[in-house]
Amino acid sequence: MKIGIDIDGIIADFVSSFLPYLNKYCKCKVEDIVSYDFEKNIDISHENIEKLWKEVESNKIYSDLSLVKNSKMALEILARENRIYLISSRKKEFHKDTLTWLRRNKIPFDRLILTNGLKDKISSMKKCDIVIEDSLEVARILEAQGIPVLLFEYPWSRIGKKIKFVKNWKQAIKQIKALSR
Ligand SMILES: [Mg+2]
């Protein structure tokens, strides 16, 4: 089988390294990150999000991420009998950093595809027999096109476009604020 595997949240623990940068602009925990679309869900201005990403990217965050628990072992098992396509929406300029990180961690794969956004990520993933993702948005689009998806459960993958789980009133208020923006 050809298995399409996302990188951030699936192999690399992006959020743990990202959180200290985010916390300079707003105090939040992993549970508060209910979408990768930070502006809609976290109290941070568009201007600060741009500043934050510049800071994150200039500090070469992708070179220094931790592995998601058991990801290396899982990929070693899967790579024995399948073709592994690592497909990420990271910017193409981070291809070298990503490759160095994968090699340093001895992650087995057949191809690395960075797509600089979701549109090309989805078209690459559509060519796979199964996809492993942590983005609900991507999973829903692929599912609608008949691609089987394993969606890792995280605070940001539990939320839907129309139906949103809320654990408590604090989260409910946050969601209502996001909708009324
Ligand atoms: Mg991801």
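Q: What is the handedness of the crossing of H6 and H7?
A: In this predicted model, H6 and H7 cross in a right-handed manner.

Q: At what angle do they pack, and how far apart are the axes?
A: Helix H6, residues 118–125, and helix H7, residues 136–144, pack at about 45 degrees, and their axes are 11 Å apart. H6 is therefore oblique to H7.

Q: Which residues meet there?
A: From H6, the residues are Leu 118, Lys 121, Ile 122 and Met 125. They meet Val 138, Ile 141 and Leu 142 of H7. Sorted by class, the contact of H6 with H7 has six nonpolar residues, no polar residues and one charged residue.

Q: Turning to the largest nonpolar core, which members touch the most others?
A: Those are Ile 5, Ile 11, Met 125 and Leu 142, in a core of 24 residues.

Q: What is Ile 5 in contact with, leaving aside neighbours within four places in sequence?
A: Ile 5 is in contact with Ile 10 and Ile 11, with Ile 84, Tyr 85, Leu 86 and Ile 87, and with Ile 132.

Q: Next topic: how do H1 and H3 cross?
A: The axes of helix H1 (residues 14–22) and helix H3 (residues 46–58) come within 10 Å and cross at roughly 125 degrees. That angle makes H1 oblique to H3. The crossing is right-handed.

Q: Which residues form that contact?
A: Phe 18, Tyr 21 and Leu 22 of H1 meet Leu 52, Glu 55 and Val 56 of H3. By class, the contact comprises five nonpolar residues, no polar ones and one charged residue.

Q: Is Val 56 buried, exposed or partly exposed?
A: Val 56, which is placed in helix H3, counts as partly exposed because it has 17 C-beta neighbours inside 10 Å. Leaving aside neighbours within four places in sequence, Val 56 is in contact with Phe 18, Tyr 21 and Ile 61. Its C-alpha lies 26 Å from that of Pro 108, which is 52 residues away in sequence.

Q: And where is Val 34?
A: Val 34 sits in the loop between H1 and helix H2 (38–41). Val 34 has 23 other C-beta atoms within 10 Å, so it is buried. Between the C-alpha atoms of Val 34 and Phe 94, 60 residues apart along the chain, the separation is 25 Å.

Q: What about Arg 90, buried or exposed?
A: Arg 90 is buried, because 23 other C-beta atoms lie within 10 Å. The residue belongs to the loop between S4 and H5.

Q: Which residues does Arg 90 touch, not counting those up to four places away in sequence?
A: Arg 90 touches Ile 7, Tyr 62, Thr 98 and Leu 114.

Q: Where is Leu 67, and what does it touch?
A: Leu 67 is in strand S3, residues 66–67. Not counting residues up to four places away in sequence, Leu 67 touches Ile 11, Ala 12, Asp 13, Lys 72 and Asn 105. With 15 C-beta neighbours inside 10 Å, Leu 67 counts as partly exposed. From C-alpha to C-alpha, Leu 67 and Leu 102 are 9.9 Å apart in space, while 35 residues separate them in sequence.

Q: Now the backbone: what is phi of Lys 106?
A: Phi of Lys 106 is near 55 degrees, a positive value in a residue other than glycine. Most residues other than glycine have a negative phi. Lys 106 lies in the loop between helix H5 (95–104) and strand S5 (111–114). Because Lys 106 has 9 C-beta neighbours inside 10 Å, it counts as exposed.

Q: And what is phi of Asn 116?
A: Asn 116 has a positive phi of about 60 degrees, although it is not a glycine. Asn 116 is found in the loop between S5 and H6. With 14 C-beta neighbours inside 10 Å, Asn 116 counts as partly exposed.

Terms used
Residues numbered from 1 in each chain as written. Predicted model: local features only at pLDDT ≥ 70, side-chain atom pairs only at ≥ 80, totals over all residues. Axes fitted to C-alpha atoms, helices over the stretch in contact; angles between N-to-C directions. Helix = DSSP H or I, 4+ residues; strand = E, 2+ residues; numbered from the N terminus. Parallel < 35°, antiparallel > 145°, perpendicular 65-115°, else oblique. Left-handed = near helix turned anticlockwise from the far one by under 90°. Contact = placed C-beta atoms within 7 Å. Nonpolar A, V, L, I, M, F, W, Y, C, P; charged D, E, K, R; others polar. Core = buried A, V, L, I, M, F, W, Y, C linked by C-beta atoms within 7 Å. Buried ≥ 20, exposed ≤ 12 C-beta atoms within 10 Å, placed from the backbone.
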